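Please read the report below alongside the sequence and the coordinates.

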Amino acid sequence: MNPLGEIGRLLLFFGAAVAVVGLLLMAGSRLSFIGRLPGDILIRKGNFTFYFPLATSLLLSALLTLLLWILRK
């Protein structure tokens, strides 16, 4: 395949990925458990708040790894 065809396929993949992320963000209010999983770190002291979504990050990483593994086959 020529180089322009490869670039075109790559752009289509990234465009689809951006569309999926956009849809997830739009549905974010309905998916209230995302970002509030057990294992996410939340520290509040006075007017300081620290939030680190550890469990959410691990879950998204596992899902994306599975998705990319499936697409690669």
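Is T56 buried or exposed? T56 is buried, with a relative accessible area of 8%, where buried stands for under 20% relative accessible area, exposed for over 50% and partly exposed for what lies in between, computed with a 1.4 Å probe and protein chains only. The model is a predicted one, in which local features need pLDDT of at least 70 and side-chain atom pairs count only at pLDDT 80 or more, while totals for chains, interfaces and linings use all residues. Residues are numbered from 1 along each chain as its sequence is written, and side-chain values use heavy atoms, with hydrogens and water left out.

T56 is placed in helix α2, which covers residues 54-72, and its side chain is joined to that of D40 by a polar contact of 2.9 Å. Such a contact is a pair of N or O atoms within 3.5 Å; within protein, one must be able to donate a hydrogen and the other to accept it, and residues adjacent in sequence count only if both atoms are side-chain atoms.

Along the sequence the chain follows the pattern α-β-β-α, that is, two helices and two strands, taken as DSSP runs numbered from the N terminus (H or I of at least four residues for helices, E of at least two for strands). Of the 73 residues in the chain, 5% are buried.

A search of the whole structure finds one salt bridge, a term for a side-chain nitrogen of Lys or Arg within 4 Å of a carboxyl oxygen of Asp or Glu. The pair is E6 and R9, whose closest N and O atoms are 3.9 Å apart; both residues lie in helix α1 (residues 3-26), three residues apart, about one turn of the helix.

| Residue | Class | Relative accessible area |
|---|---|---|
| E6 | partly exposed | 39% |
| R9 | exposed | 54% |
| L68 | partly exposed | 45% |

L68 also belongs to a nonpolar surface patch of about 680 Å², made together with L10, F13, F14, L64, L67 and L71. The elements giving two or more residues to this patch are α1 and α2, and α2 supplies the largest share, four residues. Patches consist of residues with over 30% relative accessible area and no salt bridge, like charges being joined within 9 Å and nonpolar side chains (Val, Leu, Ile, Met, Phe, Trp, Tyr) within 5 Å.

Overall, the chain exposes about 6,700 Å², of which carbon and sulfur atoms supply 73%; accessible areas come from the Shrake-Rupley method with a 1.4 Å probe, and for residues only the protein chains shown count as cover.
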